[in-house]
Amino acid sequence: MFTQSIWKDTASIHNHQVLNRDISADVAIIGGGVTGISTARLLARQGLKVVVAESLKVGGGTSGHSTGNLYVTIDKNLETLKNKYDLETVKQVLQSRKDALNLIESWVKAYSLDCDFKRQNWNLYSAIAENDEKIEQELGVAREAGLEIIDSDPANYPLKINKGITLPNQAQLNPMRYVQELANVADDNIAIYECTRVIKIEESDEGVVLHTSGGNIHADYAVMATHVPKGFDLLQTLLGSYREYGVAFKAGDLDFPEGIFWGYHEDGKNISSRLYERNGERYVIFVGEPHKTGQTEDNIQHIQALCDFAQTHYGLNQVVYRWGGQHYRPADLLPFIGRRNQNGRTFVATGFSTDGLVYGTLAAMMIADEITGRSNPYSDLYNPRRFTPIKSASRFIAENVNVATVFLKDLPSGADKDSFADIKVGEGAVINYQGEKIAAYRREDNELHLNSAVCPHLKCIVNWNNAEKTWDCPCHGSRFSRDGVVLEGPSWDNLARAKFKDSLPDDIQDRK
Ligand SMILES: Cc1cc2nc3c(=O)[nH]c(=O)nc-3n(C[C@H](O)[C@H](O)[C@H](O)COP(=O)(O)OP(=O)(O)OC[C@H]3O[C@@H](n4cnc5c(N)ncnc54)[C@H](O)[C@@H]3O)c2cc1C
């Protein structure tokens, strides 16, 4: 299965230089997604010299794989947030997200960013009566918190609904175009390096040194805008990593209204849908089917489920784009943004769930304020050093029991194929050979890539993702290409090359 997000195919991709020497700056940012690029822009505006090191292309991480919706509310619902905290917290979250959404809009206007930004209604609906109560509850809390939210007219929906609510004046854009265009606005204070992977950070009283694939970056501060902190960090015990999928269909003659649509459907399915128009073509996008990263037998079935949904509800059958994306759910529902250690020089921004185009922008505002010595009204709310045992307890336990379970399950025993010969062209599988777990992928030319299946992060065993053709770690979500190069998640390192104690297996003809 070929996977590519609609955003990547409809954006003009600019090239940035590759680092090939030692350099210095005031602030070194790791990651060129919405968080990294927005942070760079805000700091540069304050006169600081900023370097961004991106291991792939700008926007090539989750930012280019999202749905492109911008809203003040949150995917886990205001009702859940209020139950865990209180109404005041709900109001603060809404206001902080509104500030960030407004910043995005102001940049789109100020820099004339060609990213299809448009103010739109956000709609939440139940397709079946059992979920009406959730809609009522959300309406109640949103109103209590001061949002001008209304009962919606079922006629404004693309399908038959039971109950819906509408929040006007939210927004949509093409997230890849947005990040690409924002990165491309000329600023002498910003240097962006692509295909430049940071391998290690060293922090001392004098500053930070980022060791990269192309030279060292010396700076006063480092910002880990990598979606999740790299390396070992206790924050990872407070986050669950999830994979979710998107599909885009040609709309043809289908009458699909503009706006953001989040629906509660039968069998507990939550589906987000939207229209997107570019180059005279109209597409309908469906996003959903989340599951813990690396913990599904068959990733393709999740994409197929979205296609079946589109066929059943809208008669759509011309799927053009399919893709997966990662998100990290925080145990206490709030992201972690700010200085990682008291008086430290490294900043983190993580736990955005599927709300991170806005939270990533907010993180940029907060981190830029902290580095330039300005107070920020939300620094306590999103403090990454906060300790919230009661609010985090249930998710903390659930996520860590899950990690322990997958870790133990994968101690040397059953691998997922018996021999290398069983692996077909284009397939990957974990093979238990001479007591080692080997991540084996058979290329189109029939040769095998052989890596250790042990994730370098915390030694869990990776699983094959048959849709995106990657190796996904079920513990903390590190992901690797078919030939073992780290793509995302907390691991700094690639999968190690497979080592064989004795002879090579009989059924390996070529070892690559
Ligand atoms: C299916 C899906 C739908 C979503 N829909 C929405 C939505 O509609 N609205 C919304 O607000 N949010 C949405 N989100 C969430 C949002 O997309 C993310 O939270 C946000 O894009 C995160 O941005 P980021 O810059 O922090 O991370 P990323 O965009 O992932 O950027 C991190 C960058 O760091 C780079 N990197 C990592 N390691 C290194 C290294 N060692 N060296 C150098 N670079 C490195 C990566 O290559 C990557 O480009 C969605 C998420 C998913 C999965």
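Visitor: How many nonpolar, polar and charged residues does the shell around the ligand have?

Guide: In this predicted model, the shell around the ligand comprises eleven nonpolar, 21 polar and five charged residues. Altogether 37 residues surround the ligand, and the closest are Thr35, Glu54, Ser63, Asn69 and Leu357.

Visitor: Which element gives the most to the shell around the ligand?

Guide: Helix H8 gives the most, with three residues. At least two residues of the shell come from each of H2, strand S17 (319–330) and H8.

Visitor: Which backbone atoms lie by the oxygen atoms of the ligand, and at what distance?

Guide: A backbone N or O atom of Leu357 lies 2.8 Å from an oxygen atom of the ligand. For Thr62, a polar backbone atom is 2.9 Å from a ligand oxygen, and for Gly68 the corresponding value is 3.4 Å. Taken alone, the ligand exposes 1000 Å², of which the protein buries 98%.

Visitor: I turn to the helices. How many residues of helix H6 are buried?

Guide: The general idea comes first. An α-helix has 3.6 residues a turn, so residues three or four places apart point the same way. In the present case, helix H6 (residues 175–184) is mostly covered, with nine of its ten residues buried. These are Pro175, Met176, Arg177, Tyr178, Val179, Gln180, Glu181, Leu182 and Ala183.

Visitor: Which elements do the buried residues of H6 pack against?

Guide: Their packing partners are helix H1 (6–9), helix H2 (34–45), helix H4 (87–110), strand S8 (190–193), strand S15 (270–278) and helix H8 (356–371).

Visitor: Which residue caps the N-terminal end of H6?

Guide: Asn174 caps that end: one of its side-chain oxygens lies 3.1 Å from the backbone nitrogen of Met176.

Visitor: Is Arg41 buried or exposed, and where does its side chain reach?

Guide: Arg41 lies in helix H2. It has a relative accessible area of 5% and is therefore buried, the cut-off being under 20%. Its side chain reaches the backbone oxygen of Leu182 at 3.1 Å, and Leu182 is one of the buried residues of H6. Not counting residues up to four places away in sequence, Arg41 touches Trp107, Tyr111, Leu182, Ala183, Val185, Asp187 and Ile190.

Visitor: How many disulfides does a search of the whole structure find?

Guide: In general, a disulfide is a covalent bond between the sulfur atoms of two cysteines. Here the search finds one. Cys460 and Cys475 form it, with their sulfur atoms 1.9 Å apart.

Visitor: Why is the disulfide of Cys460 and Cys475 described as left-handed?

Guide: The torsion about its S-S bond is about -95°, so the disulfide is left-handed. Cys460 lies in the loop between strand S22 (448–452) and strand S23 (463–465), and Cys475 in the loop between strand S24 (470–472) and strand S25 (479–481); the pair therefore ties together parts that are 15 residues apart in sequence.

Visitor: Are these cysteines buried or exposed?

Guide: Cys460 counts as buried at 4% relative accessibility, and Cys475 is buried with a relative accessible area of 3%. Cys473 is in no disulfide, and the nearest cysteine sulfur, that of Cys455, is 3.9 Å away. Cys473 also counts as buried, at 2% relative accessibility.

Visitor: What separates the C-alpha atoms of Lys391 and Asn83?

Guide: These two residues are 308 residues apart along the chain, and their C-alpha atoms are separated by 9.9 Å. Lys391 lies in helix H9 (residues 389–409) and counts as partly exposed at 28% relative accessibility. Leaving aside neighbours within four places in sequence, Lys391 is in contact with Lys84, Tyr85, Ala331 and Asp332.

How values were computed:
Residues are numbered from 1 along each chain as its sequence is written. This is a predicted model: local features need pLDDT of at least 70, side-chain atom pairs count only at pLDDT 80 or more; totals for chains, interfaces and linings use all residues. Side-chain values use heavy atoms; hydrogens and water are left out. Buried means under 20% relative accessible area, exposed over 50%, partly exposed in between (1.4 Å probe, protein chains only). Helices (H or I, at least four residues) and strands (E, at least two) are DSSP runs, numbered from the N terminus. Contact means heavy atoms within 4.5 Å. A polar contact is a pair of N or O atoms within 3.5 Å; within protein, one must be able to donate a hydrogen and the other to accept it, and residues adjacent in sequence count only if both atoms are side-chain atoms. A residue is near a molecule or strand if one of its heavy atoms lies within 4 Å of it. Accessible areas come from the Shrake-Rupley method with a 1.4 Å probe; for residues, only the protein chains shown count as cover. Ala, Val, Leu, Ile, Met, Phe, Trp, Tyr, Cys and Pro count as nonpolar, Asp, Glu, Lys and Arg as charged, and the others, Gly among them, as polar. A disulfide is a pair of cysteine sulfur atoms within 2.5 Å.
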